[in-house]
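This report goes through one protein chain from its elements to its overall form. The sequence and the model are shown first.

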Amino acid sequence: MSETILKVQGVSKRFGGLQALSDVGIEIRKGQVYGLIGPNGAGKTTFFNVITGLYIPDAGSFELGGEPYKPSAVHLVAKAGIARTFQNIRLFAEMTALENVMVGRHVRTRSGLGGAVFRTGGFKREEQEIAARAKELLDYVGIGKYAEYKARTLSYGDQRRLEIARALATDPKLIALDEPAAGMNATEKVVLRELIDRIRRDGRTILLIEHDVKLVMGLCDRVTVLDYGKQIAEGTPADVQKNEKVIEAYLGAGGH
Ligand SMILES: Nc1ncnc2c1ncn2[C@@H]1O[C@H](COP(=O)(O)OP(=O)(O)OP(=O)(O)O)[C@@H](O)[C@H]1O
């Protein structure tokens, strides 16, 4: 069996009187696409926010690539090797597509921000390398021709692909996609599915929150289902689809 990339155990998170997550754990192996699904308000985004350092959990242990990591701040999580996209796209709207991807790459540069401020020789060389790599990534996600367009002028589907390119630019151990198909039409979803498949084939590991159950079931190797903050099922898409609790959660009185 392939190595474990992310192992999360016993995550709990409470907001005031609301237990948003109770003892949730997942294990993602290298090369997997791992799905996180559940009705609205189930705790999916909270879980994502915990593992990417946006929320501090009340309990939980975390390992990334076999090393313990503490998801205590977003930039530390990015450095540790988790890159994410957001449900509500977060790009630098006035920057070009290329510049948006270059920003992602700076997580891994040698001269970092200090070099950028003082514009050292090393920085300029590195900048050219970064630009070339960023352009490759734009081509990879299929939007290379828009490299010089401002992010805000791209279509919705292309902005989502740009977010994925930016996440890939950090060379992550795990790429976490928060509802990448939200707001996409059927054609865009097909293209997205092909892209996620390609990212997996190229050896990346992916965690995916998605409302489109068909997309999840077609893409994922394993799936965890949350409902009211509890993990009600974990397994292959085929197993999870047959699970009584899952059927009930999706069809249940809440309607969600
Ligand atoms: N910052 C917060 N403060 C208070 N309550 C919160 C906060 N974030 C999330 N919640 C609550 O925690 C619960 C889980 O929310 P979460 O957004 O994680 O669910 P979700 O499964 O991602 O839902 P959706 O599919 O609608 O995005 C909800 O009841 C939500 O209202």
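## Terms and model

Two strands count as paired if DSSP finds at least two bridges between them. Helices and strands are DSSP runs, numbered from the N terminus. The model described here is predicted.

## The hairpin of β1 and β2

With 2 residues between them, β1 and β2 form a hairpin. Gly 16 sits in its turn and has a positive phi of about 55°. The two strands run antiparallel and are joined by 8 bridges. Phe 15 stands opposite Leu 18 in β2, and Leu 6 has Ile 28 of β2 as its bridge partner.

β1 and β4 are antiparallel and share 5 bridges; here Ser 12 has Ala 59 in β4 as its bridge partner. Strand β4 (residues 59-64) in turn pairs with β5 over 2 bridges, also in the antiparallel sense. Within β5, Glu 67 is the residue opposite Leu 64.

## Helix α1

Of the 8 residues of α1, 7 are buried, so the helix is largely enclosed by the rest of the structure. The buried residues are Lys 44, Thr 46, Phe 47, Phe 48, Asn 49, Val 50 and Ile 51. Gly 53 follows α1 and has a positive phi, near 85°.

## The shell around the ligand

The residues around the ligand are Phe 15, Leu 18, Ala 20, Gly 38, Asn 40, Gly 41, Ala 42, Gly 43, Lys 44, Thr 45 and Thr 46. Two elements give two or more residues to this shell, namely β2 (18-29) and α1 (44-51). The largest share, 3 residues, comes from α1.

By class, the shell holds 4 nonpolar residues, 6 polar ones and 1 charged.

## The six-stranded sheet

A further open sheet has 6 strands in the order β6-β7-β8-β3-β9-β10, and its pairing is mixed. β6 (82-84) and β10 (230-235) stand at the edges with a single partner strand each, so one side of each is left without a neighbour in the sheet. From one strand to the next, the twist averages 20°.

Strand β3 (residues 33-37) and strand β9 (residues 222-227) run parallel and are joined by 4 bridges. Tyr 34 stands opposite Arg 222 in β9. Helix α10 (residues 244-251) lies across β9 and β10, at about 125° to β10.

## Ala 151

Ala 151 lies in the loop between α5 (121-141) and α6 (156-169). Is this residue buried or exposed? A residue is buried if 20 or more other C-beta atoms lie within 10 Å of its own. Ala 151 has 23 C-beta neighbours inside 10 Å and therefore counts as buried.

Leaving aside residues up to four places away in sequence, Ala 151 touches Leu 91, Phe 92, Ala 93, Met 95, Ala 97, Asn 100, Gln 159 and Leu 162. Glu 163 is 12 residues from Ala 151 in sequence, and their C-alpha atoms are 9.9 Å apart.

## The chain as a whole

The secondary structure of the chain amounts to 10 helices and 10 strands. Its radius of gyration is 19 Å, close to the 18 Å that the globule rule gives for 256 residues, so the chain is as compact as a globular protein of that length. Along the principal axes, the C-alpha atoms fill a box of roughly 60 × 40 × 40 Å.

Of the 256 residues, 39% count as buried. Among contacts in the chain with a separation of 6 or more, 66% are between residues 24 or more positions apart.

Technical notes. Residues are numbered from 1 along each chain as its sequence is written. This is a predicted model: local features need pLDDT of at least 70, side-chain atom pairs count only at pLDDT 80 or more; totals for chains, interfaces and linings use all residues. The radius of gyration is taken over C-alpha atoms; the globule rule is 2.2 Å times the number of residues to the power 0.38. A residue is buried if 20 or more other C-beta atoms lie within 10 Å of its own, exposed if 12 or fewer, and partly exposed in between; C-beta atoms are placed from the backbone. Two residues are in contact if their C-beta atoms, placed from the backbone, lie within 7 Å. A residue is near a molecule or strand if its C-beta atom, placed from the backbone, lies within 6 Å of it. Ala, Val, Leu, Ile, Met, Phe, Trp, Tyr, Cys and Pro count as nonpolar, Asp, Glu, Lys and Arg as charged, and the others, Gly among them, as polar. Axes are lines fitted to C-alpha atoms, for helices over the stretch in contact, and angles run from 0 to 180 degrees between N-to-C directions.
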